[in-house]
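The report below is meant to be read with the sequence and the model side by side. It goes from the whole chain to single residues and their contacts.

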Amino acid sequence: MPPTKTLSKSRRFFRFLLTLTIVTVLAYIGGSYFSPIFDHFKNLDYTPPANIEKIMQRVNFTERGQAIFKASRPALEESAAFNQHCKSHNPDTPVLGCYTNQRVYLYNIKSDELPNIVESTAAHETLHAAWSRLPIWEQLRLSDELKKVYEAHKDVLAAEISNYPDDFVLDELHSRIGTEIADLPPILEQHYAKYFKDQDAVVAFYNSYSEPFLALSQQIKTLTKQIVDQKRSLDQNTSTYYANLQNLNQRIDEFNRCATSETCVSQNPTQFQRQHDQLVAEQLELTADFNSLNAEIQTYNQLVNSYNQNILHSKTLERAVNSNKAPKNI
């Protein structure tokens, strides 16, 4: 027999690395392309609970969107359980839901003033699950479009996106743009149509629950300006009133001293009467200024009261969506 050739250690190691690389790449590609199949088989023995079924129907997922949502085993949880799964780094920053360990968790927010908030959150978190299933080249293809939309809507997206690390920004943009921004470029419309039968309706969910926050914020901003302006006017008018009052009282004292000596009356009774009438007229005018000042004070107090009520209302809504501030069960 001819002698058999043996591979050197370095060649065997190179072949091992090559094989490992090929297997890894194929596994990644397989995970991306075959995730619909994996989700399908994962969902064969899964029946969503009634509360999840209701959310799923209201969001109106496509078949693919519904499969991803169900495969993520969504759970609608009260604060204690939710906080175990979705941890906020800042207790004052509300977390409405999260996608972690391939599962979707939703905070069970109970507020009649915030309709559709759970449905909007469910759609948002499902898009995180969808993003994780996209191959890298598809993520790159969508990235340019997501960045363009971000630049066009920076005024509403920048504040929230700034809280995320750089390697998570595109993932978060993908979820936010898909659930918060209507009238998208064709590439993104076609993309989101894979998951939602009506993406505009999903955006309407977001608008309906965010509107009370925006309205309160605008009202507080308007009231703050009105209070500042009213305070400035009130301070100025108060200062003017007391200066005029002091001046009038001094002149009345002088007039009275003159009157008691009877010198002013005897020397020029007509001028004396004129001075008297002028002082009476100024008294009446100052009384009107005093009443006007009181009215300004009432207006100022009403503005402050409205401001405090709006702040209280805002804090009530913030507590409703913040699982960290939910009342603890005793």
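## Overall make-up

The coordinates are those of a predicted model, and every value given here was computed from it. The protein has 13 helices and 3 strands, and buried residues account for 36% of its 330 residues. Of the contacts between residues at least 6 apart in sequence, 72% join residues at least 24 apart. The accessible surface amounts to about 20700 Å², and carbon and sulfur atoms contribute 55% of that area.

## The disulfide

A search of the whole structure turns up 1 disulfide, which joins C86 to C98 with an S to S distance of 1.8 Å. This pair links distant parts of the chain, with C86 in the loop between α5 (79-85) and β2 (97-100) and C98 in strand β2, 12 residues apart. The link of C86 and C98 is left-handed, with -70 degrees about the S-S bond, and both C86 and C98 are buried. As a general point, a disulfide is a covalent bond between the sulfur atoms of two cysteines.

Is N43 buried or exposed? N43 counts as buried because its relative accessibility is 10%, under the 20% cut-off for that class. Its side chain makes a polar contact of 3.1 Å with the side chain of R73, and, when residues up to four places away in sequence are not counted, N43 touches A67, K70, A71 and R73.

F41, by contrast, counts as exposed because its relative accessibility is 54%, and the cut-off for exposed is over 50%. Together with I37, F38 and L44, F41 makes a nonpolar surface patch of about 440 Å².

## H128 in helix α6

H128 has its place in helix α6, which covers residues 117-133, and counts as buried because its relative accessibility is 5%.

## L146 in helix α7

L146 lies in helix α7, residues 136-152, and counts as buried because its relative accessibility is 0%. Apart from neighbours within four places in sequence, L146 is in contact with W131, L170, L173, H174, I177, L188 and Y192. The C-alpha atoms of L146 and R176 are separated by 10.0 Å, although these residues stand 30 residues apart along the chain.

## Salt bridges

Side chains of opposite charge can pair when their charged atoms come close. The structure holds 15 salt bridges, and the table lists some of them.

| Pair | Closest N to O distance |
|---|---|
| E160 and R176 | 3.6 Å |
| R251 and E282 | 2.7 Å |

The salt bridge between E160 and R176 links distant parts of the chain, E160 being in helix α8 (residues 154-161) and R176 in helix α9 (residues 169-180), 16 residues apart. E160 counts as partly exposed because its relative accessibility is 36%, whereas R176 is buried, with a relative accessible area of 12%.

R251 and E282 form a salt bridge that also links distant parts of the chain, with R251 in helix α11 (residues 199-261) and E282 in helix α13 (residues 269-321), 31 residues apart. R251 is partly exposed because its relative accessible area is 29%. Elsewhere, salt bridges that share partners join E160, E172, R176 and E180 into one network.

Terms used: Residues are numbered from 1 along each chain as its sequence is written. This is a predicted model: local features need pLDDT of at least 70, side-chain atom pairs count only at pLDDT 80 or more; totals for chains, interfaces and linings use all residues. Side-chain values use heavy atoms; hydrogens and water are left out. Buried means under 20% relative accessible area, exposed over 50%, partly exposed in between (1.4 Å probe, protein chains only). A polar contact is a pair of N or O atoms within 3.5 Å; within protein, one must be able to donate a hydrogen and the other to accept it, and residues adjacent in sequence count only if both atoms are side-chain atoms. Contact means heavy atoms within 4.5 Å. Patches are made of residues with over 30% relative accessible area and no salt bridge: like charges are joined within 9 Å, nonpolar side chains (Val, Leu, Ile, Met, Phe, Trp, Tyr) within 5 Å. Accessible areas come from the Shrake-Rupley method with a 1.4 Å probe; for residues, only the protein chains shown count as cover. A salt bridge is a side-chain nitrogen of Lys or Arg within 4 Å of a carboxyl oxygen of Asp or Glu. A disulfide is a pair of cysteine sulfur atoms within 2.5 Å. Helices (H or I, at least four residues) and strands (E, at least two) are DSSP runs, numbered from the N terminus.
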